[in-house]
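Subject: Structure handover

Hi,

My notes on it follow below.

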Amino acid sequence: MLLALAVSLTASLSATAEQVSSVDLELVLCVDVSSSMSEPEQRLQREGYVNALLDAAVLQSIESGRRGRIAIAYVEWAGPNHQSVLIPWTVLDGPEDAAAFGEVLRAQPIVRGRGTSISGALLAAGKLLAEGPASDRRVIDVSGDGPNNAGLPLQPVRDALIAAGVTINGLAISLHAADTLDSFGPRYVELYYESCVIGGSDAFIVRVDSTAEFAKAIRKKLVNEIAGLSASVQPAAYRIRSRAVIDCVTIGSAPGR
């Protein structure tokens, strides 16, 4: 079943890639709304995306492309049966479009869910990419504060997307890693995303350790994703796989063990 799913996903994305591009980038924002984050924290995260789309640096990165426009979709996710497309494909080619996108997003209620199915989020994003406008680049931007613990195994889904030319970037959220008894450790989410989630051309992660960092981290992340900056010019918040790979299958295994 997993092999058939991977083959189907790769085939559908490859067919889309053969079309003539109409936008510089297809970007799916996959945002974690699992119950491990409080509603106020999730609202701050949501506002981080709304405000980032109004930022001059983000708008400039959109304008810097060959066509000066991107297509963006916004998904909130939790367990394997919780993937909500809050905003379907929307073309942004100026501040008015970005502002309208932000207003629609801000007005949506936050519906939290149980479980963390990164595989489910990536499957939903892959389906959107297969149905979206043709583009030069396809990127999934997935946020999360823990490992895949529900639904399908993560690796076959991730690998199928990468094989189809999709880049997966990560926003690794570690708000409570230092003060909870059941925490995986202060660097676990970052290490897990480095080893098990991100991949593809110039993939990167940004780590968020406090709610005060949401806005800055999201803004920097969007600038780099939209402009398609290479690894050599990423800001300090950019991190690549530079440490020991961790177990991507056994949930809860500590780094290096």
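Strands β2 (residues 70-77) and β3 (residues 83-92) pair in the antiparallel sense over seven bridges. Pairing needs at least two DSSP bridges between two strands. Helices (H or I, at least four residues) and strands (E, at least two) are DSSP runs, numbered from the N terminus. The model is predicted: local features need pLDDT of at least 70, side-chain atom pairs count only at pLDDT 80 or more, and totals for chains, interfaces and linings use all residues. Residues are numbered from 1 along each chain as its sequence is written, and side-chain values use heavy atoms, leaving out hydrogens and water.

A hairpin of five residues joins β2 to β3. I70 has L92 as its bridge partner in β3. β2 also pairs with strand β1 (residues 23-32), in the parallel sense, over seven bridges. There, L27 stands opposite I72.

Eight of the eight residues of β2 are buried, so the strand is largely enclosed by the rest of the structure. Buried means under 20% relative accessible area, exposed over 50%, partly exposed in between (1.4 Å probe, protein chains only). One side of β2 carries I70, I72, Y74 and E76; the other carries A71, A73, V75 and W77.

Now the cores. A nonpolar core is a set of buried Ala, Val, Leu, Ile, Met, Phe, Trp, Tyr and Cys residues joined through side-chain atoms within 4.5 Å. The largest has 34 residues, and Y74 and L222 touch the most other members. Helix α8 (residues 214-227) gives the largest share, six residues. Another core, of 31 residues, lies apart from it and includes I118 and L129.

Best wishes
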